[in-house]
Amino acid sequence: MRSVVNPFEGKSVSMKPHRTHILHVGVGAFHRSHQALVWDQLRRFDPVRYADWGITGVCLMPSDRALVQQLRKQNMHYTLREFSAQGTSHTRQIQSIDQVLLGPDDREAILSGISDRHTRVISLTITEGGYEIGRSLEHILKGEAPQTVFHYLALGLDQRRRDGQRGLILMSCDNIQENGAVLKAALDPCLAAIDPALPGWVEESVYFPNSMVDRITPATRTADVDALEQETGHRDEALVVSEDYFQWVLEDQVRALLPPIANFGVTFVPDVRPYEQLKLSVLNAGHSLVGFLGEAMGYRSIHESLTDPLIAAAFDQYALQEAIPVLSPLNGVDYAAYYQRVKSRFANPMLQDSTARIMAGSSDKIPKFLLPILRAQLALPSPQIDMATLVVALWWQYLDGIAQRAAWEELMDTRRDALRVLFEDSSSSAERLINYEPIFGELSGSDRFVSRYYKLIQDLQSLGVPQVLDPYFLKH
Ligand code: CS2
């Protein structure tokens, strides 16, 4: 029998496992492939000096229970496998998470983690749709126990104020333009609902840096866990798989408050906004384009979709003709080269990133990733909007398919119920979708966009994707 080595045995590198400088909400695969790697490298670099720079992970979704139990079983340590497009991989043990807390079971511990003077950074990966505060406000006003991240934050910050704890960094690591400002704007009404004086105190005492985060991290498949076990003899049910590319751009204003994470891949810049814009509109919106096109043409993963020359051409057209021309330039960054890199990252066959992951949550992604490009193009004398509009038309087609099959339970989207209502009548759903104000706003008043959208829907229905794209690329 082969000998089995369990890398999770042994002591945690943390000296004080239950007091950490970082509290992170949303311990999904992305956090564990990205920020947790940086904090892990920092502590490995100097385990004594940075002993306290561990993470208290907070999970607030009922569906997180299995992950929390699994992580606790393995002392919060897990394997990260980073795959290059050439097929090489790097396998490491990540030991930066010291404890995980699950709401509502650990409500008191979560609240004291937020208010603890030891906590210097509270970071969030709560998805693009996580910044809606309707439920939080309702719970606060009714005086209920906290369940949502903004409710927890508001209560914890109120305690910090009473304790006189200043200098906290509250950091969104989600794919949202100006994520720091969006986080602050979402939090403010919740703070005011607790105490009208609280927003002013937070304004003076808490930093909300913008950040750009990037690392493609698909959902881990059983096949990945099996492959690791076959290769190493060790089975890790909390395994995370990612690409080898890594980027984290953070605002200079917080640099002095943090340990030297610039040594571990973090870039500090005075203004993160153009980096966010570039990444959201080329990579994330590009993902939506490739994902929806792939799905419509029968592919199940992003890398397979890109092997189709029509999809690759559509992506080129979108990135080079529609997105990049309306982005503000960044000194020293070649946008065309950036795009080629994104394209080769998407083509990484080791990732098996599913079109389903990309299409999930589209009602939150499309307005943040894609519509800013459409708006900017529409303001030009000769707008180039065909590929961006195609994403919207393909989204309609995808939702129409769900409506036809009465399969709404399949749709992963925070606005599932609202979308379902829009699709009650198939003859008017295309019109109702484009007039859905929370997503399209004033765009439904643009004749150019709306007529292109209807034409694309008509062509998709009568001709199919290849026939819609074929003549288009012959023509250009
Ligand atoms: C993807 C992102 O969810 C999506 O639509 O575009 O998760 C993407 O993989 C990451 O932002 C990469 O950094």
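Trainee: How many bridges join E9 to strand E11?
Mentor: Four bridges join them. This is a predicted model, by the way. Strand E11 covers residues 247-251, and the E9 and E11 strands run antiparallel.

Trainee: Which residue in E11 is the bridge partner of Met-212?
Mentor: Val-249 is the partner of Met-212.

Trainee: What sheet do these strands belong to, and in what order?
Mentor: An open sheet of three strands, ordered E9-E11-E12. Its pairing is mixed.

Trainee: Which are the edge strands?
Mentor: Strand E9, residues 211-214, and strand E12, residues 266-269. Each of these pairs on one side only. From one strand to the next, the twist averages 20°.

Trainee: New topic. Where is Ser-84 found?
Mentor: In the loop between strand E3 (78-83) and strand E4 (89-94).

Trainee: Is Ser-84 buried or exposed?
Mentor: Ser-84 is buried, because its relative accessible area is 4% and the cut-off for buried is under 20%.

Trainee: What does the side chain of Ser-84 make a polar contact with?
Mentor: The side chain of Thr-88, at 2.6 Å.

Trainee: And which residues is Ser-84 in contact with, leaving aside neighbours within four places in sequence?
Mentor: Asp-244, Asn-348 and Met-350.

Trainee: Switching to helices. Where does the kink in helix H15 lie?
Mentor: At Leu-371, shortly before the proline Pro-372. The kink is about 45°, and helix H15 spans residues 362-378.

Trainee: Which residues in H15 are buried?
Mentor: Quite a list. Among them are Ile-366, Phe-369, Leu-370, Ile-373 and Leu-374. Leu-371, where the kink lies, is buried too.

Trainee: What is the phi of Asn-75?
Mentor: Near 55°. That is a positive value in a residue other than glycine.

Trainee: Why point that out?
Mentor: Because most residues other than glycine have a negative phi. Likewise, most peptide bonds are trans.

Trainee: Where is Asn-75 placed?
Mentor: In the loop between helix H3 (65-73) and E3. Asn-75 has 30% relative accessibility, so it counts as partly exposed.

Trainee: And what about the phi of Thr-127?
Mentor: Thr-127 is not a glycine either, yet its phi is positive, about 75°. Thr-127 lies in the loop between strand E6 (121-124) and helix H5 (134-141).

Trainee: Why does Thr-127 count as partly exposed?
Mentor: Because its relative accessibility is 45%, and exposed would need over 50%.

Trainee: Last topic, the whole chain. How many helices and strands are there?
Mentor: The protein chain has 21 helices and twelve strands.

Trainee: How does its radius of gyration fit a compact globule?
Mentor: It agrees, because a compact globule with 476 residues would be near 23 Å and the protein chain has 23 Å. The C-alpha trace spans about 65 × 65 × 50 Å along its principal axes.

Trainee: What percentage of the residues is buried?
Mentor: Buried residues make up 57% of the 476.

Trainee: And what share of the contacts comes from residues 24 or more positions apart?
Mentor: They account for 75% of the contacts in the protein chain with a separation of 6 or more.

Definitions and conventions. Residues numbered from 1 in each chain as written. Predicted model: local features only at pLDDT ≥ 70, side-chain atom pairs only at ≥ 80, totals over all residues. Heavy atoms only, no water. Pairing = 2+ DSSP bridges. Helix = DSSP H or I, 4+ residues; strand = E, 2+ residues; numbered from the N terminus. Axes fitted to C-alpha atoms, helices over the stretch in contact; angles between N-to-C directions. Buried < 20%, exposed > 50% of the residue type's maximum accessible area, 1.4 Å probe, protein only. Polar contact = N/O pair within 3.5 Å; in protein donor to acceptor, adjacent residues only side chain to side chain. Contact = heavy atoms within 4.5 Å. Bend = angle between axes of the 7 residues up to and from the residue. Rg over C-alpha atoms; globule rule 2.2 N^0.38 Å.
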